Amino acid sequence: MAFNFIIVSDDSMALENKIEEIKKGYEITSETISYNLNDEGVYALVDELSTVSLFEETKFIVAKGGEYLLGKDDAAMKELFRVMNNQNSSNVLIIAFIGTVNYSDATFQKLKRFSSFFEIKTDNILFDEFIMNCFQKENYQIDQDAVQLLVSYTENLSHLRCYIDQLLAFKYEDKKITSEDILKIVTKPLDDNVYALIEAVLANDKKLMLKGYQDMKLRSMQASNLVSLLINKFQEMYNVCLLLKSGFNQASLSELFNISSGRAFYMVKNAKSYTLDRITAHLQELNKLDFQIKTGKINADLGLELYFLR
């Protein structure tokens, strides 16, 4: 009897992890046979499923680009449904979809009829638990503060896995991860550099402001774009302040903004550190500067430097 699976995921690493989990579950040791439906089409997959292997009783076949199949209702799809329903086959077939899928699509519904279905969304993955499990598995220790900091840097599971691999290599000798290690090794997302710059502005630390500005320029950030980004982040901080006053907490902010709990933690921390009046004053100054730059009344670089040195 054939074993068919459909996996829908918004993250390639999460998808690969699930594929490996299924493979281990069936105790398959043979090489994975991979197909890209966008490049190779349906008939190539049908041929693979129909051909008896000379070396292994069970084939483990992964067909990516499942979205190629949606909306199709032709002879090739009828052949695919036929081989997927072959009661004499021991093949394991995984059809993988990345991104948003129209679950009401007629072809998708037919595929589900012959398959077990998994939906893996990174929103449902607890990054802090994932981090702890990865390091514990390798007999490493990691501080809770370090876990939260790493979560705040994380945009998706693929990036997180890369960060973890870097830290495992860097701390191979003592096998203990701290926040300082993450600050040394992991590259901050652009947003975090902007938040650090905002903290320097609110603390009126001119040395840190100018250093942060130079760091952003090294990342090819134009002064006019940085003004817009600062306005965006100050506005975000202003909104978080109001939401906290109305009863929101870290968990509800994470859900509202569709961000990780770690990033929500730092948003709450930053918003609680400064008064609404100070945040509003900077928003007004930056909006005035943005208007002056856009109307040609002041050079963007000069205007931003004067804002930092006011």
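Helices (H or I, at least four residues) and strands (E, at least two) are DSSP runs, numbered from the N terminus. With that in mind, colour the protein chain by secondary structure, and you will have 15 helices and seven strands to look at.

Before going on, a word on the model. It is predicted, so local features need pLDDT of at least 70 and side-chain atom pairs count only at pLDDT 80 or more, while totals for chains, interfaces and linings use all residues. Residues are numbered from 1 along each chain as its sequence is written, and side-chain values use heavy atoms, with hydrogens and water left out.

**Stop one: the whole chain**

Zoom out. The C-alpha trace spans about 80 × 50 × 40 Å along its principal axes.

Of the 310 residues, 43% count as buried, meaning under 20% relative accessible area, against over 50% for exposed and in between for partly exposed (1.4 Å probe, protein chains only).

**Stop two: lysine 175**

Select lysine 175, in the loop between α7 (157-170) and β7 (176-177). At 27% relative accessibility, lysine 175 counts as partly exposed. Next, show Glu138, Asn139, Tyr140 and Gln141: leaving aside neighbours within four places in sequence, these are the contacts of lysine 175, where contact means heavy atoms within 4.5 Å.

**Stop three: the largest cavity**

A cavity is a set of points on a 1 Å grid over the protein atoms alone where a 1.4 Å probe fits but cannot get out, and lining residues have an atom within 4 Å of a point. Grid points are joined across faces, edges and corners, and a volume is the space filled by probe spheres set on the points. The whole structure has three cavities of 30 Å³ or more, and the largest holds about 40 Å³.

Select Tyr195, Lys233, Glu236, Met237, Val240, Met267 and Asn270 to see the lining of the largest cavity. The elements giving two or more residues to this lining are α11 (223-245) and α13 (261-273), and α11 supplies the largest share, four residues.

Notes:
1 Å grid on protein atoms, 1.4 Å probe; cavity = no way out; pocket = protein on both sides within 12 Å on 5 of 7 lines; lining within 4 Å.
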